[in-house]
Amino acid sequence: MTNDLTTLVQKIIDEVYNRKPPKITWEGTPYAHIVGVSIDQRGQIGEELVQRVLEDKGCKVHYNPHGLDKDKDWDIIVNDIPIEIKMATIGKDGRMFQHERIFKDAKFEALIMIDIAPHDLYLSCYDYEELDWKKMHRRKNSTEYKFDLSLKNLIKNNCAVKTTEEFFAKYKAMEQKTLIRLAAKKDKTQL
């Protein structure tokens, strides 16, 4: 046995890795750098992607990437809709995307979920009323939820987007639902 700890650890890592290598490899893929950034940076990438696409398409966007408001219940406001944005990368098993820290009592009106696999980007947009909280995993002793999406369902539901036009079309479909719901909610409160 070698006396050098680094060499020993590297050997063990290689042995364990080779017993069951991950099904997903990012090396040489279009989105490879995403695995090298922190979770917070991944979130910022998702937020800035939404901002840039929607501003380019003429939406009124309020986004402050440097905002430190801990009481803020949304990530971005687009056309007067407060939106929570979640971004995830595919798990090592190649089957699931996990979106953490979603709060039922937060004051967002829509949810945008961006899921990145080595070669593909998926977009899911939900009006708040479309969220099925019973299907999400609630963290023990918390108001925090985790929303898992399977690659199989994202493919089945045609969530893959390749162009900004496809991205915008999916966003606009959700925006219409949300604006209709908010208008009806406003009408009820004015009665």
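A: Start with two terms. Helices and strands are DSSP runs, numbered from the N terminus; a helix has at least four residues and a strand at least two. Lining residues of a pocket have an atom within 4 Å of one of its grid points. Keep in mind that this is a predicted model.

Q: What else describes the second largest pocket?
A: Its volume is about 350 Å³. The lining has 17 residues, and the closest to the centre are Ser124, Tyr126, Leu154, Asn157 and Cys159.

Q: What makes up the lining of the second largest pocket by class?
A: It has 9 nonpolar, 4 polar and 4 charged residues.

Q: Why does His99 count as buried?
A: The cut-off for buried is under 20% relative accessible area. His99 has 1% relative accessibility, so it counts as buried.

Q: Where is His99, and which residues does it touch?
A: His99 lies in strand E4, residues 96-103. Leaving out residues up to four places away in sequence, it touches Lys86, Met87, Ala88, Met113, Ile114, Asp115, Tyr145, Lys146, Phe147, Asp148 and Leu149.

Q: What makes the pair His99 and Asp115 a polar contact?
A: The limit is 3.5 Å between N or O atoms, where one must be able to donate a hydrogen and the other to accept it. The side chains of His99 and Asp115 make such a contact at 2.5 Å, so the distance falls within the limit.

Q: How do you know that E7 and E8 pair?
A: Pairing needs at least two bridges found by DSSP. E7 and E8 have 2 bridges, so they pair, in the antiparallel sense. His137 stands opposite Lys146 in E8.

Q: Why are E4 and E7 called edges?
A: The open sheet has 3 strands in the order E4-E8-E7, with antiparallel pairing. E4 and E7 (137-138) each have a single partner strand, so one side of each is left without a neighbour in the sheet.

Q: What does the whole chain contain?
A: The protein chain has 4 helices and 8 strands. From the N terminus on, the order is α-α-β-β-β-β-β-β-β-β-α-α. Of its 191 residues, 37% are buried.

Terms used. Residues are numbered from 1 along each chain as its sequence is written. This is a predicted model: local features need pLDDT of at least 70, side-chain atom pairs count only at pLDDT 80 or more; totals for chains, interfaces and linings use all residues. Side-chain values use heavy atoms; hydrogens and water are left out. On a 1 Å grid over the protein atoms alone, a cavity is a set of points where a 1.4 Å probe fits but cannot get out, and a pocket is an open set with protein on both sides within 12 Å along at least five of seven lines; lining residues have an atom within 4 Å of a point. Grid points are joined across faces, edges and corners, and a volume is the space filled by probe spheres set on the points. Ala, Val, Leu, Ile, Met, Phe, Trp, Tyr, Cys and Pro count as nonpolar, Asp, Glu, Lys and Arg as charged, and the others, Gly among them, as polar. Buried means under 20% relative accessible area, exposed over 50%, partly exposed in between (1.4 Å probe, protein chains only). Contact means heavy atoms within 4.5 Å.
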